[in-house]
Amino acid sequence: MAWFLTVWIFLLLLLLEEGAGGSISSSSSSRRCYKRVYSFGDSLADTGNTLYGASTLPQASEIIPSLNLPYGETYFHHPTGRWSDGRLIIDFIAEEMGIPLVKPYLGIKSGKIKDWNPLLEGVNFAVGGATALDSSFFRDKGIFASTNYTLSVQLDWFINLLPSLSNSSSGLKEILGSSLFLVGEIGGNDFNHPLRIHKNIKEIRKYVPLVINEISSAINKLIEVGAQTLVVPGNFPIGCNFKYLTMFQSSNKSEYDEAGCLKWLNKFAQYYNDMLYAELNRLRLLHPTTTIIYADYYNSALRLYRSPTQFGITNPISSACCPLTDVNHPTDLHCGSPGVIACVDPSQYIPWDGWHLTEAAYKLIAQGLFNGPFTNPKLDLSCVHNSEI
C-alpha cells in the first residue's frame, strides 16, 4: 500500500499543474467529428434505464419517484426516467453534437425502443443510483446501495453489445473511433450512500482510491476495445447540495463559504477530483494516442452558486424546486409523490429535487464544458456532424 500512496503523491506533484479544484484550461484540444455517444454513469446521466429497468416491477411508480410527474415536465412534458425536470448534461452534449438524444440500453435490449440504429446512434448505459464499486462492497459495510447496475455491469452491457455494432473488426474500429465515450459522472454515489447514513468523512476518504481504480480500469478496457476519445467528469461541489445542506446544517457560520456551501464537503469533492485528475494524467502517459478529457463539473457548477444572478438564477441554494421547500424548513415529502407541488419556474432554481439539479442548471454546466474553460484538453464539438459512416 505504501508504494501505491507514493505513486499517487508523485503524480499529484508532478502532473497536476493547477489541480482539478481550480479552473482548468489547455492549449490542446480534441478535434474529431464525433458521430455518437456511449455513456456510463448514474442518475446524472441516466436517460431512461431506470424507467425500463423498473418496468417489470409491480407498482414501480410508487417505488421510483422519477417515473412520475413533475419529473420531465419542462422539456419532455412527461416522465422519461431522467432525474430532473428536463434534459441532462448528456442531452445537451448530444444536441451540441447534432445527434439524437442518447437512448437507454435497457430500452433497446427489451425491444421497447425499436428505432435505434447502431450505425448512427450510441447507447446510454447509465443507471440512477449506480456506483463505481461493486454492490457487495457496500453490503459488507452495512450501507444500502439502491441498484446492482454498477460500472462493471454497465461495461459488460457495452461489451455484449459490440457484435451488434459491426460484423468486422475494421467496421467496429471505425464506429468506436468516431464515438465520444462519456465515463461518468460515476463514483458520486459511492460517497453519497455512506454520507446519507452519516458515515465519518475520514472513513469515506478511504474509498477514494478504490473508486478511482474502478474508473481507471473501465477506461483501460474501453481503450482496449477501440475507444479513442473519452470524457471523464469529476464530482460536483457536493457541499452546495441542497439535501446535504439540510442534513448537515450547522449554526457555525465558519463552516460555510461565501456561497453558503459547506466547506468540508466541498473540500472532500476537491480531494476526490484532484486524485481522479492525477490518475487521468497517468493514463494519458500509458495511452498517448488516446484523448482523455477531464470534465470539470465541480467548477462549472460552482460558478452558478457563487454568481447566480449572472446566470438568471434567483434561488441558487436556499430552496429546492420539487418539492417546493427551503433549507430551514425541510420536508419528508419526495418529488414525484402524490400531491407534491413543484415550483412554478424551475429555471430560477439550481436544486430540483434536493439531490439532482434542474434542466436550467444542467444546461449552464454543459455550456461551460463545450464553450470552455471547464474541460482539459478542450472538448471540441464544433465540427459539422455527418451521419454517414
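How many nonpolar, polar and charged residues are in the lining of the largest pocket? I opened my notebook with that one, keeping in mind that this is a predicted model.

**Entry: the pocket lining**

I sorted the lining by class and found 26 nonpolar, 17 polar and five charged residues. The space in this largest pocket comes to about 1200 Å³. I then looked up which of its 48 lining residues sit closest to the centre, and they are Trp83, Gly129, Ser146, Arg196 and His356.

**Entry: which elements contribute**

Next I went through the helices. Those that give two or more residues to the lining of the largest pocket are α2 (49–53), α9 (188–196) and α12 (242–247). I noted that α9 gives the most, with five residues.

**Entry: α14 and α15**

I turned to a helix pair. How do helix α14 (residues 297–306) and helix α15 (residues 359–370) cross? Their axes come within 9 Å, and I read a crossing angle of roughly 125°. That angle lies between 115 and 145 degrees, so I logged α14 and α15 as oblique to each other. For the handedness, I wrote down that α14 passes α15 in a right-handed crossing.

**Entry: who meets whom**

Which residues make the contact between these two helices? On the α14 side I listed Tyr297, Ser300, Ala301, Arg303 and Leu304. On the α15 side I listed Ala361, Leu364, Ile365, Gly368 and Leu369. By class, the residues of this contact divide into seven nonpolar, two polar and one charged.

Definitions and conventions. Residues numbered from 1 in each chain as written. Predicted model: local features only at pLDDT ≥ 70, side-chain atom pairs only at ≥ 80, totals over all residues. Heavy atoms only, no water. 1 Å grid on protein atoms, 1.4 Å probe; cavity = no way out; pocket = protein on both sides within 12 Å on 5 of 7 lines; lining within 4 Å. Points joined across faces, edges and corners; volume = space filled by probe spheres on them. Helix = DSSP H or I, 4+ residues; strand = E, 2+ residues; numbered from the N terminus. Nonpolar A, V, L, I, M, F, W, Y, C, P; charged D, E, K, R; others polar. Axes fitted to C-alpha atoms, helices over the stretch in contact; angles between N-to-C directions. Parallel < 35°, antiparallel > 145°, perpendicular 65-115°, else oblique. Left-handed = near helix turned anticlockwise from the far one by under 90°. Contact = heavy atoms within 4.5 Å.
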